[in-house]
Amino acid sequence: PDFKLWRPLILLGLICMAAGQALVIIAAQTADRNFWASTRELEEDELVGLEIPNRRVVQEGVYAWERHPAYLGALLWGIGTQLALCNPVMLVMVAFVLWASLLHVTMEEEKELFDEFPGQYSNYAAVTTTWIPGFPVLLESSSFQREMEDTAPEDGGEMEQEESEEEILDEEDDLLPTWEGVKKGGALWNRQFQEPWRLG
């Protein structure tokens, strides 16, 4: 059919593929050895990290405007291939499967990064977004949930409600939300600067 050789769509696909490949290469070069750092699971369920000296959170280059440039590049590359092939059905399928797969990998990776670099990665994540559609909200929600679990009381969060209603009204200051007990630099702490009118 004629639409299988629609030249503007083929050109757009090739541009997406080139941009995606460039992003992956630049991300790998900028992060250098930090790009390949990962963990592997052993049979005994022990988690062993790759030994990389001076491991750090990379914040320069493409990482200054995108938290996961290689994943954005992979998504652009995958979508670009289907655009270049003028295949609308596979475009939708590939886009969704890649998006969902990358979301899962990103959530796992961010969990490890928040654990390995507690304050540093929290601060970086607070000021640097990701441009993959849907990721910012989902990653912020995941980070928020993880930090809520970390700061929740160990006894299941049961609150004593022995105070009478009159005592609560007398102590208006106690009704206001506080940041006591919330670690600085985490998703909860950073949220007060993004949305100061709302606590968590």
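Colleague: What should I know about the source and the numbering?

Modeller: This is a predicted model, in which local features need pLDDT of at least 70, side-chain atom pairs count only at pLDDT 80 or more, and totals for chains, interfaces and linings use all residues. Residues are numbered from 1 along each chain as its sequence is written, and side-chain values use heavy atoms, with hydrogens and water left out.

Colleague: Which pattern does the protein follow along the sequence?

Modeller: Helices (H or I, at least four residues) and strands (E, at least two) are DSSP runs, numbered from the N terminus. The protein has eight helices and two strands. Read along the sequence, the pattern is α-β-β-α-α-α-α-α-α-α.

Colleague: What share of the residues in the protein is buried?

Modeller: Buried means under 20% relative accessible area, exposed over 50%, and partly exposed in between (1.4 Å probe, protein chains only). The protein has 200 residues, and the buried share is 32%.

Colleague: Are α1 and α2 roughly parallel or antiparallel to each other?

Modeller: Axes are lines fitted to C-alpha atoms, for helices over the stretch in contact, with angles from 0 to 180 degrees between N-to-C directions. Helix α1 (residues 7-31) and helix α2 (residues 69-84) have axes that come within 7 Å and cross at roughly 160 degrees. Angles under 35 degrees count as roughly parallel, over 145 as roughly antiparallel, 65 to 115 as roughly perpendicular and the rest as oblique. Therefore α1 and α2 are roughly antiparallel.

Colleague: Which residue classes make up the contact of α1 with α2?

Modeller: Ala, Val, Leu, Ile, Met, Phe, Trp, Tyr, Cys and Pro count as nonpolar, Asp, Glu, Lys and Arg as charged, and the others, Gly among them, as polar. In the contact of α1 with α2, no residues are charged, six are polar and 18 are nonpolar.

Colleague: How far apart are the C-alpha atoms of Leu14 and Gly80?

Modeller: Leu14 sits in helix α1. Leu14 is partly exposed, at 47% relative accessibility. Along the chain, Leu14 and Gly80 are 66 residues apart, yet their C-alpha atoms are separated by 6.1 Å.

Colleague: Which residue does the side chain of Arg67 join in a polar contact?

Modeller: Arg67 is in the loop between β2 (47-49) and α2. Arg67 is buried, with a relative accessible area of 9%. A polar contact is a pair of N or O atoms within 3.5 Å; within protein, one must be able to donate a hydrogen and the other to accept it, and residues adjacent in sequence count only if both atoms are side-chain atoms. At 2.8 Å, the side-chain partner of Arg67 is Glu110.

Colleague: Which backbone nitrogen lies 3.1 Å from the side chain of Asn34?

Modeller: Asn34 is in the loop between α1 and β1. With a relative accessible area of 16%, Asn34 is buried. A polar atom of the Asn34 side chain lies 3.1 Å from the backbone nitrogen of Arg56.

Colleague: Is Asp32 buried or exposed?

Modeller: Asp32 is in the loop between α1 and β1 (39-41). Phi of Asp32 is positive, near 55 degrees, and the residue is not glycine. Most residues other than glycine have a negative phi. The relative accessible area of Asp32 is 51%, so Asp32 is exposed.

Colleague: What is the phi of Cys86?

Modeller: Cys86 lies in the loop between α2 and α3 (88-116). Cys86 is buried, at 2% relative accessibility. Although Cys86 is not a glycine, its phi is positive, about 55 degrees.

Colleague: Which residues do ring pairs link into a cluster?

Modeller: Rings of Phe, Tyr and Trp (its six-membered ring) pair if their centres lie within 6.5 Å. A search of the whole structure finds three aromatic pairs. Ring pairs form a cluster of Phe114, Tyr121 and Tyr124.

Technical notes. Rings of Phe, Tyr and Trp (its six-membered ring) pair if their centres lie within 6.5 Å; planes under 30 degrees apart count as stacked, over 60 as edge-to-face and the rest as tilted.
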